[in-house]
Structures are given as structure tokens and as C-alpha cells.
Amino acid sequence: MKRVKVGLALSGGTAKSVAHIGVLKALVENGIPIDYLAGTSGGSLVAAFYAAGKSIEEIEALADGIHWKNIAGFNLPRLGLLSSDRIRTFVVDQLGDIEIEDLPIPVAIVVSDLTTGTGVVLTRGKVSIACQASSSIPAFYTPVEMDGHIFIDGEFSEHVPVAALSSLGKMFKIGVNLGFEKGTRRKPRNLVEMALQTANFIAQQNAAASERRADFMIRPDLGRFGPLELHKASDILEQGYVETLKIVPELEAAIKAFRPRAVSSRQKSL
């Protein structure tokens with residue numbers, strides 16, 4: 001019997017994006033294959049690194065040692081408080097200046113075109129630029145300007161990139177929503193947290209539609225972590241890992257019972 005192809009759609013989440021590594025770790029340890037990946041914002045970085053062949057241990061080590069200074073630079077506040085250029089540099093330093101289409105595992109990265117007001121699914125072009133654009137939270141990071149267009153964080157188009165994942169083919173689609181929180185959300189402590197939580201609030205509006213397209217959803221409860229708490233990376237990763245382990249039997253049963261549906265979508269590239 002032919003094995004069911006499995007795809008993983010990784011949401012945005014700022015510092016909480018580290019939880020995606022824990023999700024991947026739990027899936028890999030339990031023999032659940034990942035044939036396709038899609039990523040938005042912080043999820044695009046995890047998707048790209050895993051698709052490029054980095055092991056879970058290598059990505060985990062990177063997350064454990066990363067600081068905001070590695071992925072954000074001070075900037076004159078014209079279009080953003082911080083420069084997003086260090087995101088591109090970070091990706092090139094770790095993976096080389098590779099193209100999305102050359103990654104061993106097919107990947108789709110979501111960005112938002114502020115010039116046209118549309119979401120764009122990138123399946124070709126520089127991995128570093130795609131991740132930079134997808135992670136450029138408005139006001140927080142400077143946007144990526146290219147060919148007369150301004151590209152910002154993909155979560156404003158598709159926070160959980162299930163539709164983007166579908167553009168790669170027929171598969172069992174697993175969505176991971178790191179913005180899902182139970183109960184009352186924590187109060188923002190400063191202007192930056194206010195902006196990030198507002199962005200996540202908007203993103204959750206489109207996440208509901210994305211979740212309906214998924215065949216299975218994983219929603220780690222990360223409510224006790226703030227959007228800037230990279231210093232808690234190991235705890236965030238562990239939370240994603242532990243909560244995913246709990247649902248592995250249910251996920252395995254869903255994959256076993258899966259029957260592919262017809263897919264009709266268009267791929268877009270930068």
C-alpha cells in the first residue's frame with residue numbers, strides 16, 4: 001500500500017516559534033514522515049532549516065543559542081524600529097545562499113505584499129529573502145522592498161499556512177497554530193509587546209479559516225510565554241514537544257484513515 005504523504009504547516013509566533021522545533025522533534029521520534037513544509041513568519045525559518053537537511057539536534061542547538069541581536073539590528077525608524085537584514089544574514093550564514101526550489105524537502109513560504117494587498121506563496125527564489133520578508137512584522141521590523149513591492153510578515157495573509165501547503169500537492173495536512181491560547185491573554189508590558197499581540201490578534205482571524213483546511217491541528221498552549229522571550233527557548237521548545245507527544249496516537253490514527261481530496265490552487269513566486 002502506498003504511503004500517505006504528510007505536510008506540515010508552521011504558523012508564526014515570534015519567540016514562540018521555537019515550539020515548532022519541539023513539534024518536529026516529537027513527530028520525527030515517532031516515525032511520522034514530513035514530505036512537505038510550509039511556513040509563515042518564524043515558522044518559515046524552522047521550515048527552511050529542516051527542509052535544508054538540518055537535524056532536529058542542530059536546529060535545537062541553534063535555538064538554544066540565538067539572541068535578538070542575531071536576528072535584529074537597530075534602525076532609523078522610517079519603516080520599522082529594527083532592521084530585518086540580520087534575518088537574511090542569519091539564514092545565509094547557516095544554510096548558504098540557497099534557492100527554495102533546491103531544498104531537499106519542498107517548501108512554501110508565505111509573505112504579504114503590502115503594495116497589492118495580497119498574500120504571496122513563495123516556492124522559488126532565495127530562501128534567505130523569503131524568510132526575511134515572511135518574518136518582517138510591521139512597525140517592529142523593516143519590510144523587504146523589491147521590484148517596486150513592499151513585503152511584510154506572512155501572518156497577515158495566512159498565519160497557519162495550510163493553503164500554501166496545498167499548493168505543493170496532495171497530502172495529509174498538519175497545521176500548527178502557536179497563536180492559539182486558552183482563556184485570557186497576558187497583558188502587554190510595553191509598546192513592542194502591544195504591537196506583537198495586536199498582530200497575533202489579527203492573524204488569528206485568518207487562522208480559523210486555515211484550520212478548517214487542515215486534516216489535523218496541533219495547538220500547543222504557550223500562553224505563559226511572551227512574544228519576546230527568546231531566553232526561554234528551551235522551555236518553549238519543551239512545551240511544543242510534550243504537547244505534541246500527547247496527541248501522536250490520535251494523529252497516527254488520522255493519517256491511517258486519510259483519503260486524499262482534490263486540490264486546486266495556484267503557486268505564486270517572487
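**Helix packing and burial in a predicted model**

The protein chain of this predicted model has an accessible surface of about 12300 Å², of which carbon and sulfur atoms hold 54%. The chain has 10 helices and 11 strands, and buried residues account for 54% of its 270 residues.

Me: Why are α2 and α6 called roughly antiparallel to each other?

Reply: The axes of helix α2 (residues 42-51) and helix α6 (residues 127-134) cross at roughly 155 degrees. Angles over 145 degrees count as roughly antiparallel, and α2 and α6 are therefore placed in that class. Their axes come within 8 Å, and α2 passes α6 in a left-handed crossing.

Me: Which residues in α2 and α6 meet?

Reply: On the α2 side these are Ser 44, Leu 45 and Ala 48, which meet Val 127, Cys 131 and Ser 134 in α6. The residues of this contact comprise 4 nonpolar, 2 polar and no charged.

Me: What makes Arg 88 partly exposed?

Reply: Arg 88, located in helix α5 (residues 85-95), has a relative accessible area of 29%. Buried means under 20% and exposed means over 50%, with partly exposed in between; Arg 88 is therefore partly exposed.

Me: Which residues does Arg 88 touch, not counting those up to four places away in sequence?

Reply: Arg 88 touches Ser 128, Ile 129 and Gln 132. The C-alpha atoms of Arg 88 and Val 127 are separated by 8.4 Å, with the two residues 39 apart along the chain.

Me: Among contacts between residues at least 6 apart in sequence, how many join residues at least 24 apart?

Reply: In the protein chain, 77% of such contacts do.

Methods
Residues numbered from 1 in each chain as written. Predicted model: local features only at pLDDT ≥ 70, side-chain atom pairs only at ≥ 80, totals over all residues. Heavy atoms only, no water. Axes fitted to C-alpha atoms, helices over the stretch in contact; angles between N-to-C directions. Helix = DSSP H or I, 4+ residues; strand = E, 2+ residues; numbered from the N terminus. Parallel < 35°, antiparallel > 145°, perpendicular 65-115°, else oblique. Left-handed = near helix turned anticlockwise from the far one by under 90°. Contact = heavy atoms within 4.5 Å. Nonpolar A, V, L, I, M, F, W, Y, C, P; charged D, E, K, R; others polar. Buried < 20%, exposed > 50% of the residue type's maximum accessible area, 1.4 Å probe, protein only. Areas by Shrake-Rupley, 256 points an atom, 1.4 Å probe, with all protein chains shown as cover.
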